[in-house]
Amino acid sequence: MQKTHPALPWYREVSGTQWKSFFAAWIGYVLDGFDFVLITLVLTEISDDFGLSTVQAASLVSGAFITRWLGGAVLGALGDRYGRKLSMVLSILLYSLGTFACGFAWNYHSLFAARLAIGMGMAGEYSASATYVMESWPARVRGRASGFLISGFSVGSVLAAQVYDWVVPSLGWRWMFYLGLIPIAVALWMRRALPEAEEWTADVAERGARPNPFRPLFRTPRLALVNTVLAVAATLCLFMAFTPGGAGMVPVLSVVAGLCLVAFAVQMGGRRGWLLYVSMIVTLFFAFLYSWPIQALLPTYLKSDLGYSTEQVTDVLYFAGFGTMAGCWAAGFLGDRIGARKAYALTLLASLAFVFPVFAVDDNLVLLGCLLFLLQATSFGISGLLPRWIGGHFPTASRGAALGFTYNVGALGGAVAPVLGAHLASGMDLGQALAVLTFAGTVVVVLLVGLGVPARLNRLADPDAVEDHLAAAPGHTARPAREPDRDPSR
């Protein structure tokens, strides 16, 4: 008679080493959230110092998105080839140094350049830490791993709001960026002795594989030259499109950049996977388009349209941050129970009930905070499942580069969002513009994710495609992580 193991609480399926790996990656996300959100908190102070227009100020938020596609692809590919740990360390170094450099900016252009470095590092952090944790944790609880991990970004944003309240009124906005460098030593210390991700070790390292997701781009010298030109063209077009230098040419620049990035997606995906890459990018673009208008311009809306003080803005951001955290935690459990795709689509559908009410409140801070808590929990919080949902579409050997590239090209929706919100606000109230963008983008994502469009298109090109690469193998039963078998004959 086959001996069965009693069911364990989910947290006991995760070993001590796996928890240590998670917390190291989670701290990286906290720092990531802290560093990235800083610019939205001090946008009005920077605008006053440098004499920026609303569109220029919004483009500083967008600046970090311009280089994300490159950082996500390159640092993700390094993780595929040399391991997830190296990619994580390089990512956190890059975005932390970029944040520190922001404090020394002397004008709009120097600050924008520092934001480009932050974008590259942030992109690599997302793909490296997400793949590291999910490939280390048991398959049955990878939704929780994804949701808990992404909640670190919200913790960082709440921490940034508190530090803003302490620092900016007395020391000025530059000190916010100087302080962003301090916690890097903690993250690097925790990561230096971590084991490599178990699944990457088993599928790649132990087999002696040296995957190179960029090989299709550089098969011949001529192809390498063409793709180098495409990379330069995409970056320059994006830079001009999101800065005043491209005024009057934004539609043309956007189309050229989009075509260049689609060309990369088609080549990286290959004959069988190109539809998956392209459809994933489109889905993620709208995911950022619905979520980032509020993330980027909420502090500006509270200060300029509602006339809230620094302390009141901080209080409202607490509600938003904790709502996102709660949503990420709940998303993890719900995703493991009913599947990441269903959980994501159904929770987003529920979030539509809170979009317009949030921007109808103007003189009741507690009511605004409660509504924003619910909106962020069901809207931005559910994005905690994105690493699990995206990663399941790609095999281990190419997951880092594929997730990093598709997610961060799609993240250009986050670059478009604040600029589009600022433009819409020229013809309507800023709050109304944010509500319209959030509602419309959410509806599109509900349809794309709920109907499983990327997976359906992928099966058209590859009928044998694996449905979920991160799911447990058939017949797999979770074993006690803390109590391994000691009897080799069992």
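This briefing walks through a helix, a threonine and some aromatic pairs in the structure above. The model is predicted, so local features need pLDDT of at least 70 and side-chain atom pairs count only at pLDDT 80 or more, while totals for chains, interfaces and linings use all residues. Residues are numbered from 1 along each chain as its sequence is written, and side-chain values use heavy atoms, with hydrogens and water left out.

**Helix H5**

- Helices here are DSSP runs (H or I, at least four residues), numbered from the N terminus.
- Buried residues of H5 include Arg84, Met88, Ile92 and Tyr95; buried means under 20% relative accessible area (1.4 Å probe, protein chains only).

**Thr131**

- Thr131 sits in helix H6 (residues 108–134) and is buried, with a relative accessible area of 0%.
- Its side chain reaches the backbone oxygen of Ser127 at 2.7 Å and that of Ala128 at 3.1 Å.
- Beyond neighbours within four places in sequence, Thr131 is in contact (heavy atoms within 4.5 Å) with Arg84, Arg399, Gly400 and Leu403.

**Aromatic pairs**

- The structure holds 27 aromatic pairs, meaning Phe, Tyr or Trp rings (for Trp, the six-membered ring) with centres within 6.5 Å; planes under 30 degrees apart count as stacked, over 60 as edge-to-face and the rest as tilted.
- Trp69 and Phe264 are stacked, with centres 5.7 Å apart and planes at 15 degrees.
- This pair links helix H4 (residues 68–82) with helix H12 (residues 250–305), 195 residues apart.
- Both Trp69 and Phe264 are buried.

Key:
Buried means under 20% relative accessible area, exposed over 50%, partly exposed in between (1.4 Å probe, protein chains only). Helices (H or I, at least four residues) and strands (E, at least two) are DSSP runs, numbered from the N terminus. A polar contact is a pair of N or O atoms within 3.5 Å; within protein, one must be able to donate a hydrogen and the other to accept it, and residues adjacent in sequence count only if both atoms are side-chain atoms.
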